[in-house]
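I opened the notebook to look at helix packing. Here is the model I worked from.

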Amino acid sequence: MALEQARESEPSGEDPHESSEAVDKERSPGKKRGPGRNLPIAVGVGAGLGAIVVTSLYVQKEIFLAVLVVFLGIAVHELTGAFASRGIRVPFIPLAVGGLAMLMFSYLHGAEGLIASFALTVLVLLVWRMRDGAERYVGDVTASVFTLAYVPFLGGFAVLLLDPPDGADRVITFIAVTVASDIGGFFAGTFLGRHKLAPTISPKKTWEGLAGSALACMAVGAWLLPWLLHREIWQGAVIGAAVVCSATLGDLIESMIKRDLGIKDLGNLLPEHGGAMDRLDSLLATAPIVWLLLEAFVPAP
């Protein structure tokens with residue numbers, strides 16, 4: 001989900017715990033490493049996104065919902081285009097309409113609405129593809145259902161976070177802790193990164209970057225949960241620890257998709273940030289985790 005405030009993460013197409021390109025080369029003794037991106041532009045774009053998110057949440061929830069719909073729609077378009085480049089036919093129109101229905105029903109009817117609309121959209125996708133015959137039917141519908149589950153279904157959990165009376169604070173907590181993973185991982189990985197985390201999937205990720213993400217997530221969680229949602233510091237730290245795992249996995253999943261499809265970026269919507277999917281990868285993987293934990297720690301009134 002779009003929506004990341006001040007996400008100072010990797011350069012376009014790279015991942016947050018990654019070091020700069022110098023990590024993959026032998027570094028000269030004493031050579032200082034840089035962030036490998038135009039930080040003023042990246043910070044400006046991130047701050048702009050953050051302002052949109054905060055303003056929409058605290059002015060009118062439906063405005064945030066509209067922003068979410070737009071960014072998720074762009075992400076679906078990016079994925080369908082990436083699949084098309086490899087001859088995989090994923091229909092954008094039923095995905096977009098079904099995804100919109102999933103977000104609307106999530107907002108109006110909660111988790112039951114999300115699940116029911118997801119199931120109905122899957123059925124529509126299965127029938128829609130029948131028009132083009134049996135050749136590659138299974139592969140095309142599998143990619144279509146994957147896209148539906150990966151983007152609008154996971155994004156629907158952000159809508160579930162929004163629904164309670166304190167939904168704006170829940171969403172801010174969710175986004176801020178996830179963004180902290182990116183920021184902490186980016187700077188720790190860039191300036192301290194030495195030991196690769198997942199070289200076969202994302203060669204520039206480092207264990208040092210992961211440690212930076214963990215510290216940042218737990219610190220922000222421990223700060224925000226008592227302040228915004230009036231719960232214990234340890235509960236915020238637990239959420240932060242869970243988020244660093246889900247956010248890292250979200251980045252790795254998107255890296256695996258791009259590697260399999262043989263592309264560097266899924267889009268270039270945002271200068272120095274990449275496409276919508278590049279900004280949403282960790283948020284999508286994190287949304288259901290934070291929703292579950294907040295349901296346990298902060299039951300809705």
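How are α4 and α8 set to each other: parallel, antiparallel, perpendicular or oblique? I find them oblique, because their axes cross at roughly 50° and angles under 35 degrees count as roughly parallel, over 145 as roughly antiparallel, 65 to 115 as roughly perpendicular and the rest as oblique.

The model is predicted, with local features needing pLDDT of at least 70, side-chain atom pairs counting only at pLDDT 80 or more, and totals for chains, interfaces and linings using all residues. Residues are numbered from 1 along each chain as its sequence is written, and side-chain values use heavy atoms, without hydrogens and water.

I took helices as DSSP runs (H or I, at least four residues), numbered from the N terminus.

I checked the length of α4, residues 137–162. Its 26 residues should span 38 Å at 1.5 Å a residue, and its end C-alpha atoms are 37 Å apart, which agrees. The expected span is 1.5 Å times one less than the number of residues.

I went back to the α4 and α8 pair. Helix α8 covers residues 276–297, and the two axes come within 8 Å. Axes are lines fitted to C-alpha atoms over the stretch in contact, with angles from 0 to 180 degrees between N-to-C directions. Contact means heavy atoms within 4.5 Å. Among the contact residues I noted Y150 and F157 of α4, and W291 and L294 of α8.

I looked at α7 next, residues 233–261. The axes of α7 and α8 also come within 8 Å, crossing at roughly 150°. Contacts include W234 and K258 in α7, and M277 and F297 in α8.

Key:
Helices (H or I, at least four residues) and strands (E, at least two) are DSSP runs, numbered from the N terminus.
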